[in-house]
Amino acid sequence: MKKVGIMGGTFDPIHYGHLMTAEAVRDEYNMHQVIFIPAANPPHKSDWHITAARHRFNMTLLATCSNPYFEVSDIEMRRIGPSYTIDTVKELIQIYPDDTEFYFITGADAMQELPSWHKIDELLEICHFIAATRQGCLPDVTAIKKHFGDLGNEHIHRLATPELEISSTDIRERLEKGYSIKYILPEPVEQYIRKEHLYLT
């Protein structure tokens, strides 16, 4: 079976934490590739202002282009309505060969919301989940696995990844305050942010 990782998120903006997590998972699970999919209309963040999808897509392209195992897809940007992961995975299943297994990569914190995801039981049957965790997060992931019973034990995995205290929220706040964002995201992404006047007051 070919293993394909799915790195979903708003990527507002994408940073080294996202990239390092994706590469660590790809390496550990010997994945054929990792697809970065910027969410067009994330249902869990409907009340939060999100940068235009085209900007987030372009920044993700710039951040990942040097890694031959990384790919960026506009699959959710082309779909109308909320960006439900179940719809994305079903579409990918139609595109990729039958011998492909999909692994959705997310942080341990986001895993706590998994029970509220749209059609989550159906999603777990067709897609694995990998929780990228830090020390101290194991009990939370274990509880989520127990919540879903046998399916959780089989399709929810945990991987300790390098610890980088970076968040997109922090980057946006630093830019609003006029602080430097060098070395916390790829330089082409920083150049794009400044060229397009994103997050700047």
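Is F102 buried or exposed? F102 counts as buried, because its relative accessibility is 3%. Buried means under 20% relative accessible area, exposed means over 50%, and partly exposed lies in between, with a 1.4 Å probe and protein chains only.

This is a predicted model, in which local features need pLDDT of at least 70 and side-chain atom pairs count only at pLDDT 80 or more, while totals for chains, interfaces and linings use all residues. Residues are numbered from 1 along each chain as its sequence is written, and side-chain values use heavy atoms, with hydrogens and water left out.

## Aromatic rings

A search of the whole structure finds seven aromatic pairs. Rings of Phe, Tyr and Trp (its six-membered ring) pair if their centres lie within 6.5 Å. Planes under 30 degrees apart count as stacked, over 60 as edge-to-face, and the rest as tilted. Here are two of the pairs.

| Pair | Centre to centre | Angle of planes | Kind |
|---|---|---|---|
| F11 and F36 | 5.8 Å | 45° | tilted |
| Y96 and F102 | 5.6 Å | 90° | edge-to-face |

F11 lies in the loop between β1 (2–9) and α1 (16–29), and F36 in strand β2 (residues 33–38), so their pair ties together parts that are 25 residues apart in sequence. Helices (H or I, at least four residues) and strands (E, at least two) are DSSP runs, numbered from the N terminus. Both F11 and F36 are buried. Together with F70, they form one aromatic cluster.

In the other pair, Y96 also counts as buried, at 16% relative accessibility.

The charged end of R26 sits over the ring of Y69, 3.9 Å from its centre. The rule is that NZ of Lys or CZ of Arg is within 6 Å of the ring centre and within 35 degrees of the ring normal.

Which residues are buried in helix α8 (residues 168–177)? They are S168, I171, R172 and L175. Seen down the axis, these fall within an arc of 95°, so they line one face of α8. The arc is that of the directions from the helix axis to the C-beta atoms. The buried residues of α8 pack against α1 and α9 (187–196). Contact here means heavy atoms within 4.5 Å. G178 follows α8, and its phi is positive, near 85°.

In α9, the buried residues are V189, E190, Y192 and I193. Their arc around the axis is only 160°, which puts them on the same side of α9. They pack against α2 (53–64) and α8. H197 follows α9, with a positive phi near 60°.
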